[in-house]
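Please keep both in view while reading.

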Amino acid sequence: MQQVKAVVALERGKPVEVVTINVPDPGPGEAVVKVQACGVCHTDLHYREGGINDDFPFLLGHEAAGIVEAVGPDVTGVAPGDFVVLNWRAVCGECRACKRGDLQYCFNTHNATQRMTLEDGTELSPALGIGAFAEKTLVAAGQCTKVDPSARPAAAGLLGCGVMAGIGAAINTGAVRRGRSVAVIGCGGVGVAAIAGSALVGASPIIAVDIDAKKLETARRMGATHTVDSSQTDPVEEIKRICATVYDGADGADVVVEAVGRPETWKQAFYARDLAGTVVLVGVPTPDMKIPDLPLIDVFGRGGALKSSWYGDCLPSRDFPMLVDLYLQGRLDLDAFVSEEIGIGDVEAAFERMHGGDVLRSVVVL
């Protein structure tokens with residue numbers, strides 16, 4: 001067992017604290033990872049606020065990269081010294097989804113069996129089964145995805161959640177490709193990643209929608225061809241207008257990615273798509289949210305597909321190494337998502353900066 005510094009949410013709604021925790025030696029199927037960098041994701045704030053569940057205290061952080069320090073018995077996929085990006089979809093290989101070949105929909109993903117604890121032995125709940133705002137963390141070995149070690153940890157680690165969710169929502173879930181039009185509603189980190197993914201595969205036009213001018217400017221830098229300030233303009237009509245100028249007869253975008261997670265913006269996405277187009281919901285709604293007044297005849301009459309995207313429908317072993325390779329080739333600018341690098345004691349301040357819309361990602365560097 002080792003003692004390390006970590007960021008913990010001890011109580012609902014209270015500021016996080018840097019404390020000493022106990023990290024067990026890895027058991028069967030487990031690995032200890034020396035964390036090098038971990039992004040500050042909005043999901044961590046949800047944990048702190050009790051928006052996920054009440055299993056306090058939480059060990060926060062899940063968007064991370066680092067070096068495998070030790071592995072337990074029977075671990076063959078990774079070894080000490082490997083540079084890895086952590087993921088929260090460690091596929092089991094045994095559930096119905098895995099057996100039919102849809103590993104990206106695994107119903108039974110693995111986490112470490114042992115628990116990390118506070119100094120007094122109180123068990124910690126690791127965010128998304130990872131808990132990487134820590135000098136070292138204990139995870140299931142399957143949560144470690146080997147990637148090219150020449151990648152910068154602060155950039156590569158972002159594939160562990162938000163960037164992968166956005167890129168995957170466009171490419172994996174929405175099947176965006178060359179010759180397809182795309183609109184992305186909500187240009188935070190996930191939405192901008194969906195824009196970057198759409199640009200990567202040659203989609204056009206790529207329309208960014210938000211109410212924040214700073215976010216729209218960032219979206220343009222990351223590949224948006226058009227921007228729509230939905231506080232000033234009806235986004236549905238503007239998306240339709242833009243697409244009609246590019247593709248004769250188009251009545252909306254082929255794919256609309258909703259990266260906000262609200263009924264109002266989902267309805268905008270529904271009506272902004274072309275006939276037989278696709279809506280991808282990647283923004284996370286709260287349990288009480290409902291879609292009011294949506295005529296079923298519109299669902300039937302417009303055809304197409306209404307999809308939700310969980311973790312960008314990614315398979316880490318397939319997608320992480322590929323995206324890191326594209327980053328190293330200069331084709332995917334992961335560095336652009338890193339707004340600032342901060343210390344382990346700066347997480348609470350990073351939560352505050354989230355509300356201002358000034359950062360795509362603050363990244364804790366250890």
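What volume does the second largest pocket have? In this predicted model, the volume of the second largest pocket is about 250 Å³. Its lining comprises 15 residues, and those closest to the centre of the pocket are Ala 90, Val 91, Gly 142, Cys 144 and Ser 317. Strand β10 provides the largest share, with 3 residues. Sorted by class, the lining of the second largest pocket holds 7 nonpolar, 6 polar and 2 charged residues.

Helices α4 and α5 (189-200) each contribute at least two residues to the lining of the largest cavity. By class, that lining has 4 nonpolar, 2 polar and 2 charged residues.

**Packing of two helices**

At what angle do helix α4 and helix α10 pack? Helix α4 (residues 162-173) and helix α10 (residues 316-328) meet at an angle of about 105°, and their axes are 12 Å apart. Because angles of 65 to 115 degrees count as roughly perpendicular, α4 is roughly perpendicular to α10. On the side of α4, the contact is made by Met 164, Ile 167 and Asn 172, while α10 takes part through Arg 318, Asp 319, Phe 320 and Leu 323. The residues of this contact comprise 4 nonpolar, 1 polar and 2 charged.

Side chains of opposite charge can pair when their charged atoms come close. In the whole structure, 14 salt bridges are found. One of the salt bridges joins the side chains of Arg 48 and Glu 348, with a distance of 2.2 Å from N to O. Which helices hold the two partners? Arg 48 belongs to helix α1 (residues 42-48) and Glu 348 to helix α11 (residues 347-356). The two residues are 300 residues apart, and the pair thus links distant parts of the chain.

**Backbone features**

Most residues other than glycine have a negative phi, and most peptide bonds are trans.

| Cis peptide bond | Omega |
|---|---|
| Phe 56 to Pro 57 | near 0° |
| Ser 204 to Pro 205 | about -10° |

Pro 205, in turn, lies in the loop between α5 and β12 (206-210).

A further backbone feature concerns phi. Asp 293 is not a glycine, yet its phi is positive, at about 55°. Asp 293 is situated in the loop between β15 (273-281) and α9 (296-302).

Technical notes. Residues numbered from 1 in each chain as written. Predicted model: local features only at pLDDT ≥ 70, side-chain atom pairs only at ≥ 80, totals over all residues. Heavy atoms only, no water. Axes fitted to C-alpha atoms, helices over the stretch in contact; angles between N-to-C directions. Helix = DSSP H or I, 4+ residues; strand = E, 2+ residues; numbered from the N terminus. Parallel < 35°, antiparallel > 145°, perpendicular 65-115°, else oblique. Contact = heavy atoms within 4.5 Å. Nonpolar A, V, L, I, M, F, W, Y, C, P; charged D, E, K, R; others polar. 1 Å grid on protein atoms, 1.4 Å probe; cavity = no way out; pocket = protein on both sides within 12 Å on 5 of 7 lines; lining within 4 Å. Points joined across faces, edges and corners; volume = space filled by probe spheres on them. Salt bridge = Lys/Arg side-chain N within 4 Å of Asp/Glu carboxyl O.
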